[in-house]
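Hello,

Here is the structure I promised to pass on to you. Have a look at it first, and then read on for what turned up in it.

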Amino acid sequence: DHDYPYLSDGKFVPHGIYDVKKNKAHINIGMSCETAEFVCDSIGKWWKSLGAKEYSKADKILILCDAGGANSYGHNIFKVELQKLSNKINMKLQVAHYPPYTSKWNPIEHRVFPHVTRSIEGVLIKNLEEAKNIIKSTTTKTGLKVTADIIKKNYETGKKVAKDFMKTMKIKFDKCLGKFNYLISPATA
């Protein structure tokens, strides 16, 4: 859809979660737009289907993010969506954003996405199910395992946060580089 959008019947938006310790990746495929809500739905879907089983004793999830895009440190809507996710799964979310222009140090960028890209390279993808199956076939010599799912939901772009959104947040900014590093705790009822 990037090179010749007029020839496309649609698009797919991948969002990846990479477990560095186990060398496992999970790619959720969206069908509309990359938004903060989509990113958080993707993390929530991973937690519910895989993460909670693999890390049943965990009380916190560490999320490494790039500086820009839907999960930007500067977008308050991402923080609001993370708060909703934290409340929903009842887990603390420790968020660490890579500073601008340093995303190449994010492990998912060189341990997962180049291999996924190689898997779909030159393939005419006809539907989301086919994209999912191709992505799931991704492997490496180092034993990377990739799973994939589809999120069939249309996401609205351009959402804004309320002016007083911080009143509903349970967020603690770190003393060191607080705008990039923070902890979101579930809000109590």
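A polar atom of the histidine 97 side chain lies 3.2 Å from the backbone oxygen of aspartate 66. That is a polar contact, meaning a pair of N or O atoms within 3.5 Å; within protein, one must be able to donate a hydrogen and the other to accept it, and residues adjacent in sequence count only if both atoms are side-chain atoms. Before going further, please note that this is a predicted model, in which local features need pLDDT of at least 70 and side-chain atom pairs count only at pLDDT 80 or more, while totals for chains, interfaces and linings use all residues. Residues are numbered from 1 along each chain as its sequence is written, and side-chain values use heavy atoms, with hydrogens and water left out.

Histidine 97 belongs to strand S4 (residues 92-97). Helices (H or I, at least four residues) and strands (E, at least two) are DSSP runs, numbered from the N terminus. With 4% relative accessibility, histidine 97 counts as buried; the cut-offs are under 20% relative accessible area for buried, over 50% for exposed, and partly exposed in between (1.4 Å probe, protein chains only). Leaving out residues up to four places away in sequence, histidine 97 touches several others, among them Cys65, Asn71, Phe78, Lys179 and Tyr182. Contact here means heavy atoms within 4.5 Å.

Histidine 26 is in strand S2, and is buried too, with a relative accessible area of 2%. Its side chain makes a polar contact of 3.4 Å with the side chain of aspartate 149. Beyond residues up to four places away in sequence, histidine 26 touches residues including His15, Trp46, Leu50 and Ala148.

**Salt bridges**

How many salt bridges does a search of the whole structure find? There are 7, where a salt bridge is a side-chain nitrogen of Lys or Arg within 4 Å of a carboxyl oxygen of Asp or Glu.

Glutamate 54 pairs with lysine 22, with 2.7 Å between the closest N and O atoms. This pair links distant parts of the chain, 32 residues apart: glutamate 54 is in helix H1 (residues 36-54), and lysine 22 is in the loop between strand S1 (13-19) and strand S2 (24-30). Glutamate 54 also meets lysine 24 in a salt bridge (3.0 Å, N to O). Because lysine 24 lies in strand S2 and glutamate 54 in helix H1, that pair ties together parts 30 residues apart in sequence. Relative accessible area is 32% for glutamate 54, which is partly exposed; lysine 22 is partly exposed at 34%, and lysine 24 is partly exposed at 33%.

Another salt bridge joins lysine 132 and glutamate 129, with the closest N and O atoms 3.5 Å apart. These two are 3 residues apart in helix H5 (residues 128-136), so about one helical turn separates them. Lysine 132 is buried, at 16%, whereas glutamate 129 is partly exposed, at 40%. Elsewhere, salt bridges that share partners join Glu37, Asp41, Lys153 and Lys159 into one network.

**Nonpolar cores**

A nonpolar core is a set of buried Ala, Val, Leu, Ile, Met, Phe, Trp, Tyr and Cys residues joined through side-chain atoms within 4.5 Å. The largest one has 24 residues, and Ile61, Ile63, Phe78, Leu82, Ile89, Leu93 and Tyr182 have the most contacts inside it. At least two residues of this core come from each of H1, strand S3 (60-65), helix H2 (76-89), S4 and strand S7 (181-184). H1 gives the largest share, 6 residues. Apart from neighbours within four places in sequence, isoleucine 89 is in contact with Trp47 and Ile61. A second, separate core has 14 residues, including Tyr18, Leu144, Val146 and Ala148.

**The chain as a whole**

The chain has 5 helices and 7 strands, in the order β-β-α-β-α-β-α-α-α-β-β-β from the N terminus. Of its 189 residues, 41% count as buried. Of the contacts between residues at least 6 apart in sequence, 67% join residues at least 24 apart. The C-alpha trace spans about 50 × 40 × 35 Å along its principal axes.

Best wishes
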